[in-house]
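Please read these points beside the model.

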Amino acid sequence: MASVLIPVLYVFIVFGSLLVFSYFYRRRNARKVYEPYFPPHHERDVYFSLMQMSDPPASENLLKAALVRRAMTDVTRIIRLREDKPALQNLLQKGSIGDDLWNSLLAAEKEMEAEILEVAAEANAYVEGWGSVIFQTATEMMHNEKMRALVEQIPSIRAEAERKYGRAALPKLSVEAPPASSTAQPTPAAPSVPTAPSTPARSETPSTTKSSNGLAPPNAGAENGTISDSDRSVSTPSSPRSPSKSSSSKKSKKRK
């Protein structure tokens with residue numbers, strides 16, 4: 001019986017001490033004030049100050065501009081939280097930083113969530129649906145200010161580079177405009193289409209005149225493509241005549 005009570009009592013004492021320690025530790029952390037992760041929100045204070053003005057009251061355009069400036073600061077802090085949180089989490093796991101910095105970041109994250117909801121509600125109070133696009137507008141304005149600041153720093157950066165490395169003459173690029181002609185340029189003529197060479201007309205053969213006796217020369221019909229019957233009889237040789245019966249009888253007698 002005693003062997004069973006001793007382990008049960010040991011477990012009860014261990015768990016009871018852990019519960020008491022966690023209770024007091026939570027109460028101490030709840031009353032502990034962590035150092036703020038971000039500096040004071042100046043733009044939010046300016047917006048509240050403008051809203052509390054009564055003599056004379058601030059115009060609506062001025063309040064909207066102050067609200068957009070407040071949203072721009074919120075966007076900057078949100079970007080920084082997203083960039084710092086993974087790095088701080090890795091450092092906390094390695095033991096490089098304490099819990100105070102991590103808890104300060106978590107508190108700043110919760111504060112920014114409440115700030116975003118408040119800004120969206122204020123924007124919807126001015127214009128319905130503005131709360132869904134005010135942070136997008138603030139992001140564009142923030143990028144525009146960064147580009148403007150970079151452009152304004154170019155002369156100082158150039159002066160510092162010239163002082164450090166010496167001034168070098170930059171090549172001058174000149175673009176000359178083409179000279180304007182006083183007279184209009186003639187438009188190019190359309191290319192002539194080559195025509196096929198014309199075939200010479202076939203000369204007609206002059207008709208042969210008949211002779212005085214009414215007969216045409218023999219070559220006239222050939223040139224005209226017609227041959228008369230008389231020409232055919234003349235041109236074609238006559239077949240040899242067959243021997244007569246008398247000559248054949250005489251030859252037969254001589255042979256006898």
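1. For the residue classes used below, Ala, Val, Leu, Ile, Met, Phe, Trp, Tyr, Cys and Pro count as nonpolar, Asp, Glu, Lys and Arg as charged, and the others, Gly among them, as polar. This is a predicted model, in which local features need pLDDT of at least 70, side-chain atom pairs count only at pLDDT 80 or more, and totals for chains, interfaces and linings use all residues. Residues are numbered from 1 along each chain as its sequence is written, and side-chain values use heavy atoms, without hydrogens and water.

2. The lining of the second largest pocket has nine nonpolar, two polar and four charged residues. H4 supplies the largest share of that lining, five residues.

3. Helix H2 (residues 42-51) and H3 have axes that come within 8 Å and cross at roughly 160 degrees. H2 and H3 are therefore roughly antiparallel (an angle over 145 degrees). Glu43, Arg44, Tyr47, Phe48, Leu50 and Met51 of H2 meet residues of H3 that include Leu62, Ala66 and Arg70 (contact means heavy atoms within 4.5 Å). The residues of this contact of H2 with H3 comprise eight nonpolar, one polar and four charged.

4. Helix H3 (residues 60-94) packs with helix H4 (residues 99-126) at about 155 degrees, the axes being 9 Å apart. H3 and H4 are therefore also roughly antiparallel to each other. In the contact of H3 with H4, 16 residues are nonpolar, one is polar and twelve are charged.

Conventions: Axes fitted to C-alpha atoms, helices over the stretch in contact; angles between N-to-C directions. Helix = DSSP H or I, 4+ residues; strand = E, 2+ residues; numbered from the N terminus. Parallel < 35°, antiparallel > 145°, perpendicular 65-115°, else oblique.
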